[in-house]
2 protein chains.
Amino acid sequence: MKNLVLVILVLLSLYGRAEELKSPNGLQKLEFELKDGYPTYQLFFNNKPVIRESRLGFDLKNEADLLSGFAVDGVERSTFDQSWEPVWGEEKSIRNHYNEMAVTLKQTETDRKMVVRFRLFDDGLGFRYEFPEQANLTYFVIKEEKTQFAMPGDITAWWIPGDYDTQEYSYHKTKLSEIRGLMEKAITPNESQKAAGPTCVQTALMLKSDDGLYINLHEAALINYACMHLNLDDQKMIFTSQLTPDAVGDKGYMQAPCTSPWRTVIVSDKAGDILLSHITLNLNEPCKIEDTSWIKPVKYVGVWWEMITGKSSWAYADVPSVQLGVTDFSKLTTNGRHAANTAHVKEYIDFAAQYGFDGVLVEGWNVGWEDWFGKSKDYVFDFVTPYPDFDVDELQQYAADKGVQIIMHHETSGSVRNYERHLDEAYQFMVDHGYHAVKSGYVGDIIPRGETHYSQFIVNHYQYAIEKAADYKIMVNAHEAVRPTGICRTYPNLIGNESARGTEYESFGGNTPDHTTILPFTRLIGGPMDYTPGIFEQDVSQYNPDNHSWVNTTIARQLALYVTMYSPLQMAADLPETYKKYLDAFQFIVDVPVDWDDSKVLEAEPGDYITYARKEKGTDNWFVGRTNDEEPRTSKISLDFLPEGQKYLATVYHDAKDAHYKNNPKAYEIEKFVVTNKSKFELFCAPGGGYAISLMKANDPKALKGIKKH
Amino acid sequence: MKNLVLVILVLLSLYGRAEELKSPNGLQKLEFELKDGYPTYQLFFNNKPVIRESRLGFDLKNEADLLSGFAVDGVERSTFDQSWEPVWGEEKSIRNHYNEMAVTLKQTETDRKMVVRFRLFDDGLGFRYEFPEQANLTYFVIKEEKTQFAMPGDITAWWIPGDYDTQEYSYHKTKLSEIRGLMEKAITPNESQKAAGPTCVQTALMLKSDDGLYINLHEAALINYACMHLNLDDQKMIFTSQLTPDAVGDKGYMQAPCTSPWRTVIVSDKAGDILLSHITLNLNEPCKIEDTSWIKPVKYVGVWWEMITGKSSWAYADVPSVQLGVTDFSKLTTNGRHAANTAHVKEYIDFAAQYGFDGVLVEGWNVGWEDWFGKSKDYVFDFVTPYPDFDVDELQQYAADKGVQIIMHHETSGSVRNYERHLDEAYQFMVDHGYHAVKSGYVGDIIPRGETHYSQFIVNHYQYAIEKAADYKIMVNAHEAVRPTGICRTYPNLIGNESARGTEYESFGGNTPDHTTILPFTRLIGGPMDYTPGIFEQDVSQYNPDNHSWVNTTIARQLALYVTMYSPLQMAADLPETYKKYLDAFQFIVDVPVDWDDSKVLEAEPGDYITYARKEKGTDNWFVGRTNDEEPRTSKISLDFLPEGQKYLATVYHDAKDAHYKNNPKAYEIEKFVVTNKSKFELFCAPGGGYAISLMKANDPKALKGIKKH
């Protein structure tokens, strides 16, 4: 009898009823159930399946896996509702509201425990694994995380190839079943790349179900853990997590108590809700920097596009090889094309000061660029020694006098150990010379060799650089680092990342016209991107006859990106002399802020178009931006987000009727209107086009005199 | 006709006559010859073959090899003769005297150049590869160095297994042809090991030819290059260099202009000449530290043997797991066996002060030892946080008051990145708290994973730690690092290394009785070893009933090691309470210096015995030491190295007639004699025994009253 009771109890725990969790508004529903000892979960939105029954767990190295043989050892439920104010962001205040269920699983045979903690928000799900302190599981090595995301059929995805070294790919919109066939073509060349498999794709992954659900899969709080990719079983349409291996093929070294990052499923029947979701931020820890007064959004210009196009060079001299500590750079002859020289940088500082930019990025200022790439050089840069024609002290004084900051540049060439060796000195150099922000770069294969850009060991490095920068009150904008996962909530000095195909690719063959209609649904889910918009001259060959690249957007759309590509760090990437030719359009870049009190999505469909309206931080001004794909479209928006009964001056920068990204990208028109919250706009969006609107509150109605009403 | 001349010229350069080089005394002869485009060399001593015809060159990755197709493009000859004074050493002045021949080789088809630079000393050969700056060879990756050392037959070797992670093996004396058969047995377990192949052995490799030549193969100036092993073709009896691979199997990343380390062949018909050779030091660069006044030899005791035997613990608490930054160590309960506590360390300081030791090593003072080993923990130590029972400030003051230094201990647990991250802070902590020397350790597998202890990447780390330490005026004694190669000439703050089976193994199962008769011929060729001699209590089980290890030497031999195992850093490794039981024998350790003006080898045969006489730095005192293998032997020495006409007080610490390392190791006798340079000694050496003699110049003859003449 006793045995029978035991058997029944065991059966109950193995095949126990599903544990259900609902979001605060009741629309999201999660079910957790042990099936034959395997932990599984399902997610529904408005009773429609989002994630079909999916398994959870891990393959471990040299010990039994954590996939099956589990019994439920306890279920804890709670509710959380709190608002917090980001140091910078899209909104002044962010509500963190979820219902939580923590399921403690016990693997009977091995007496090991694993907790799966689910947090269900109105806009989706976050869950993670937790390994409490326990006798039989302390140190363990992850062979693979086996988290499944079973899709509701052969649905549509906007994807880029899974890769352990780069996210710099163009997106493909296909059915899941079509990924395999397109993979080889999708893997375009990159300076460093390691493909993750024929059906493996990256997160944040944007999906759309046949019944109209928008689904986004990503992760939050990727700290000391390998970056997750998603490997598709394209028969069953099940994604399984695939972590980035280290040099010996291991996926993670763990010590309990510890947790995995959060796995996120943002879901809604409105595309705009995906864009406005704060799940990623909310699943990160609150800010750990006590005094954040030194963290400030930055609008900047830079000595950059002229090198990207090939007009100028990072390197000082045209010699095939240099050795730091050996080569006497003062004895080299300059190639005459070195952009980061004192006189030229002063021109950028003058321009920045004249138009109210906060900073000037200068790349190529420090010795080592002659042979910096692809040579697997360990000691490639020292981050503190300027070229002979770059006068650090003189420029520090000049910039300070003009009220402009110079932004530091640390290219590591992937030589991570070398960067860590110099990090303290490099940051101290910045402090000593008045630099407050650094753009770091990880171009090329990683040293130590065998590691990749997204392994636990290297992910740990990026975090190290961010935290150490905070000690020096330095803001970080890391390029080629792992894609962000909301860590900027905890460390808001991480003001930017690249981690996707940015504007530079407009000079490396071009981005697809729909690229910026996808990025906010994918890359930007994890955090802001230093996309470096603002290119007004599309023909790159004018700078470099060998470069036949074409910038695939209209000027009007370039303006829109300052609103649609949210970032506290925005560059006006084109050359000052170019902007001086189009000062009327440039005025939008001058006016647009980089920090916001509120954000609204007016129109959105991934791959087609996105229209945002955002309210400037601390003012009543609003800004609207619209990015459009390769189809000509008409955007219809209402200004009902404006406050009741107020008049605004709307300056509309839009594509002319005959504009086209390929053959007529400069055809923009600027119109001014007096508007209220009753106003509506119907605006033509050219292929690869869009528009931007500034809405300045007219405190003095006389200011609006002569402007037609709308 | 023109073509014919060309062909003849090419043939001449491909099959040109041998280029010959002789040592200053004419006894060493090197022949270099291109054979069918392959560069080859041979070495003779006194017309006897030492190295038979051997090839030179490299396999490169992703490009043509550098093995054949060469023509001689020039031969430069020169002579060098200069003496230099080491900061510390076996002799006051070292003569660097050689004839040099630099052969520039040009690979015709690829238009690439490689120089082989030979330096022929009276005691042997050094040669290296140099890659001058050139158009067609700048960055290259070494797949394998293919330097051959063709042996003069199936000769005798004293070898340990080739291994990319450890040299902590016992030596085997066999014919070359017997290596393969013994390899498996020779690879005894170690905390971190990666065997290099069935016929692969380590350098320094000691050999003896059938016609009585002593030959030693090693390398000098191993800087930013992978450690060399020697792989035997046991049919042809040819060793070929086998470099340590990195995580992806590559052997070296090079950028011309650059060089390989020196490959050395020390050779003589007298074994003692091998011991006295300074080729390794002479092939290193002169001292690069300007002010060396802070570099001082150190005799020390330490909180160490009690942990090695298991009597005490490094760890403060008996808990299975800790996390730095998370665990509150002040809340842990001490296990009561933590040796590095303030009161106990004071006892060591008292002892050191009483007997004139310079320093006290303290291991286990800093948090993290609870789970430090074998867990692949990245953030395993921070090197600055003491355990709650170790009062840094109080001990700093206490030691200073007693005129004793505390020696720092940095165990890295192989987590090299973590050490580099903390290195500046750790060294600064030392400066702030009066520490002048650090013992560093690399126990266990290396992190980053996939790298090994001897790869180029990690060799580069040890050098980084040494050079940075010099900036802080810190002396380094690195354990488990790559075996030394004479770098202490250039950086004399490298005062010690382990890199072999040290005295600790007497508590881990024991060393063979002949171990210390081999180490000076092998491990010590590269530089001093922190062997930590002076163990007077052989029965380890008295400290730890679970440990049945036995210290395989007599007490007399332990004293001898202070003379036979040259090091500027010498430990009296046993417990103070033990020394207090044998104060008469301990007196030799008190008297023996750690720096010398002159050194002589009185008797030597590898694996059998070594007898050294050394003159104390700056005094007229001499010290003699004799280490003996497992055979009972009689040592016959003359004191003719003493100055003419001077009387000395000889205190002889020797094995009693019935002494034996196994069953009667404490049977020593101490006798005093008045001696001159005419005196001779015949002294019994027990199995595993030996003797030590101090020879104090009697300035005041009255001091010798009552001492019998000899």
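Colleague: How many salt bridges does the rule find across the interface of chain B and chain A?
Modeller: The rule finds two salt bridges across that interface. Please keep in mind that this is a predicted model. In one of the salt bridges, B:E420 pairs with A:R421, and their closest N and O atoms are 2.7 Å apart.

Colleague: Which elements give two or more residues to the side of chain B that touches chain A?
Modeller: They are β19 (252-255), α8 and α9 of chain B. Of these, α9(B) gives the most, with four residues.

Colleague: And what classes do the residues on that side of chain B fall into?
Modeller: There are twelve nonpolar, eight polar and ten charged residues on the side of chain B that touches chain A.

Colleague: How many residues does each chain bring to the contact?
Modeller: Chain B brings 30 residues, and chain A brings 30 residues.

Colleague: What area do chain B and chain A bury between them?
Modeller: The two chains bury about 2,600 Å², and 51% of that is on carbon and sulfur atoms. The interface of chain B and chain A also has 20 residue pairs in polar contact, both residues of a pair being at pLDDT 80 or more.

Colleague: Let us turn to the helices. At what angle do α8 and α9 of chain B pack?
Modeller: Helix α8 (residues 416-432) and helix α9 (residues 456-471) of chain B pack at about 5 degrees, with their axes 11 Å apart. The angle is under 35 degrees, so α8(B) counts as roughly parallel to α9(B).

Colleague: Which residues meet there?
Modeller: From α8(B) come B:V416, B:Y419, B:E420, B:L423, B:D424 and B:Y427. Their partners in α9(B) are B:I458, B:H461, B:Y464, B:A465, B:K468 and B:A469. By class, this contact has eight nonpolar, one polar and three charged residues.

Colleague: What about chain A: how do the axes of its α8 and α9 cross?
Modeller: The axes of helix α8 (residues 416-432) and helix α9 (residues 456-471) of chain A come within 11 Å and cross at roughly 5 degrees. That makes α8(A) roughly parallel to α9(A). Residues in the contact include A:Y419 and A:L423 of α8(A), together with A:H461 and A:Y464 of α9(A). The contact of α8(A) with α9(A) divides into eight nonpolar, one polar and three charged residues.

Colleague: Back to salt bridges. What is the count over all chains?
Modeller: The rule gives 83 salt bridges over all chains. Among them is the one between the side chains of A:E53 and A:K35, at 2.5 Å from N to O. This pair links distant parts of the chain, 18 residues apart: A:E53 is in strand β4 (residues 48-55) of chain A and A:K35 in strand β2 (residues 28-35) of chain A.

Colleague: Now the backbone. Where is the cis peptide bond with omega near -5 degrees?
Modeller: That bond runs from B:T203 to B:A204. B:A204 is in the loop between β14 (200-202) and β15 (205-208) of chain B. A cis peptide bond also joins B:A256 and B:P257, with omega about 0 degrees. B:P257 sits in the loop between β19 and β20 (258-259) of chain B.

Colleague: One last point: is the phi of A:N62 positive or negative?
Modeller: The phi of A:N62 is positive, about 60 degrees, although the residue is not a glycine. A:N62 lies in the loop between β5 (58-60) and β6 (70-84) of chain A.

Conventions: Residues numbered from 1 in each chain as written. Chains lettered and ligands numbered in written order. Predicted model: local features only at pLDDT ≥ 70, side-chain atom pairs only at ≥ 80, totals over all residues. Heavy atoms only, no water. Axes fitted to C-alpha atoms, helices over the stretch in contact; angles between N-to-C directions. Parallel < 35°, antiparallel > 145°, perpendicular 65-115°, else oblique. Contact = heavy atoms within 4.5 Å. Nonpolar A, V, L, I, M, F, W, Y, C, P; charged D, E, K, R; others polar. Buried area = accessible area lost by both parts, 1.4 Å probe. Salt bridge = Lys/Arg side-chain N within 4 Å of Asp/Glu carboxyl O. Polar contact = N/O pair within 3.5 Å; in protein donor to acceptor, adjacent residues only side chain to side chain.
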